[in-house]
Amino acid sequence: SSSPGYHQGRVRSFPHQRGNWASYVFVPFPLARSLRSRVEAFVPHLSQTLASTVPEQAFVFSPVPPGDTHISVSRTVALQYHWIQPLVDGLGGELGRMERFDLGLSKLAFYCNDNGTRSFLGLSVSLGHTELCALVSLVDEHFRKFRLQS
């Protein structure tokens, strides 16, 4: 169903087509115990603040479980089923040659998707910004090979 009620308030950015898979590339980013405890303490306060200041129909608040935290390095695209494995193989080969890098996160930041239908509260990058941009560029390059929006 395309109804946002079935998808945590999300609105499709492209219509559903048989054989297409909504896909994106991300890097799992487990939170350190100290940061995870801060997030877990902060989320109820944020939820209460939103509930008291924004009409209930205006938002769906769905915190990401701490074990599911990640860094998105692409936008969501409609990927045809038969492209999945070639894209995974191509990205895997390139990513395997990238050097590991440290990533530091700092202050809270508010993000919004391209069409303004979904908002995110995240942490801005304070260390490893150049390397993260190179990773995004690499993913974009592979997306362009499949004529996907990057």
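The model is a predicted one, so local features were kept at pLDDT of at least 70 and side-chain atom pairs at pLDDT 80 or more, while totals for chains, interfaces and linings use all residues. Residues are numbered from 1 along each chain as its sequence is written, and side-chain values rest on heavy atoms, with hydrogens and water left out.

The protein has three helices and six strands, where helices (H or I, at least four residues) and strands (E, at least two) are DSSP runs numbered from the N terminus. Along the sequence they follow the pattern β-β-α-β-β-α-β-β-α. Of the 150 residues, 17% count as buried; buried here means under 20% relative accessible area, exposed over 50%, and partly exposed in between (1.4 Å probe, protein chains only).

Two or more lining residues come from each of β2 (26–28) and α3 (129–145). By class, the lining has 14 nonpolar, no polar and three charged residues. Nonpolar covers Ala, Val, Leu, Ile, Met, Phe, Trp, Tyr, Cys and Pro, charged covers Asp, Glu, Lys and Arg, and the others, Gly among them, are polar.

On the surface, Phe-42, Leu-108, Phe-110 and Leu-121 make up a nonpolar patch with about 410 Å² of accessible area together. Such a patch joins nonpolar side chains (Val, Leu, Ile, Met, Phe, Trp, Tyr) within 5 Å, from residues with over 30% relative accessible area and no salt bridge; areas come from the Shrake-Rupley method with a 1.4 Å probe. Phe-110 sits in strand β5 (residues 104–112) and is exposed, at 60% relative accessible area.

The salt bridge count comes to one, the rule being a side-chain nitrogen of Lys or Arg within 4 Å of a carboxyl oxygen of Asp or Glu. Glu-94 pairs with Arg-97, the closest N and O atoms being 3.2 Å apart. Both partners belong to helix α2 (residues 84–97), three residues apart, or about one turn. Glu-94 is partly exposed at 27%, and Arg-97 is exposed at 61%.

Two other spots deserve a line. Arg-147, in the segment after α3, has a positive phi of about 55° although it is not a glycine; Arg-147 is exposed, at 80% relative accessible area. Leu-127 lies in strand β6 (residues 119–127) and is partly exposed, at 48%. The C-alpha atoms of Leu-127 and Phe-101 are separated by 9.3 Å, with the two residues 26 apart along the chain.

Terms used. Patches are made of residues with over 30% relative accessible area and no salt bridge: like charges are joined within 9 Å, nonpolar side chains (Val, Leu, Ile, Met, Phe, Trp, Tyr) within 5 Å.
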